[in-house]
Amino acid sequence: MPDPATGRITMRAGFVGAVMMPTDLAQRVKSSLDVRGVAPLSIVGHPRCDMWTFLVRTDIRPIGDPAEVARLWKARVVVIREGDIALPSPVADPLMVRTWVSPATSSFRPSGTVVIECALSILRQIPQ
């Protein structure tokens with residue numbers, strides 16, 4: 001729904017949430033999900049801050065292992081379960097604030113748990 005004051009398009013997190021991470025990690029996560037056949041993915045790019053946001057189902061449970069939480073925090077992985085999720089504008093955006101990396105083409109959203117686990121799997125391979 002467009003914000004009347006700013007024109008920004010957002011959706012309220014609820015059944016759909018988001019997982020935001022730096023582009024380099026997100027590209028690896030997307031490739032891994034593609035290999036697993038998890039599709040279609042809806043991904044918003046944020047070119048100015050070099051981040052991607054995966055739109056996901058909000059089935060993510062709290063992570064009990066503090067080392068895993070720290071690994072995600074250090075990698076700048078953010079889970080959005082509540083609040084507004086900013087989406088790309090349907091009109092040209094001269095500032096390139098948000099863009100579709102992979103547009104939403106259906107109502108399918110991957111499991112947020114699967115996206116987080118995929119990110120953790122990749123991050124475990126990187127020496128700390």
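**Close-up 1. The largest pocket of this predicted model and the residues around it.** The largest pocket has a volume of about 190 Å³, and its lining is made up of Ile60, Arg61, Pro62, Ile63, Val69, Leu72, Trp73, Val77, Val78, Val79 and Arg81. Sorted by class, nine of these lining residues are nonpolar and two are charged, while no polar residue takes part. Helix H2 (66–74) and strand E5 (78–80) each contribute at least two residues to the lining, and H2 gives the largest share, which is three residues.

**Close-up 2. The largest nonpolar core.** This core contains 23 residues, and Met21, Val29 and Phe54 are those with the most contacts inside it. Strand E2 (16–22), helix H1 (23–36), strand E4 (51–57) and helix H3 (112–124) are the elements that give two or more residues to the core, with the largest share, seven residues, coming from H3.

**Close-up 3. Val29 and its contacts, with a second core.** When neighbours within four places in sequence are left aside, Val29 is in contact with Met21, Phe54, Val115, Cys118, Ala119 and Ile122.

Key: Residues numbered from 1 in each chain as written. Predicted model: local features only at pLDDT ≥ 70, side-chain atom pairs only at ≥ 80, totals over all residues. Heavy atoms only, no water. 1 Å grid on protein atoms, 1.4 Å probe; cavity = no way out; pocket = protein on both sides within 12 Å on 5 of 7 lines; lining within 4 Å. Points joined across faces, edges and corners; volume = space filled by probe spheres on them. Helix = DSSP H or I, 4+ residues; strand = E, 2+ residues; numbered from the N terminus. Nonpolar A, V, L, I, M, F, W, Y, C, P; charged D, E, K, R; others polar. Core = buried A, V, L, I, M, F, W, Y, C linked by side-chain atoms within 4.5 Å. Buried < 20%, exposed > 50% of the residue type's maximum accessible area, 1.4 Å probe, protein only. Contact = heavy atoms within 4.5 Å.
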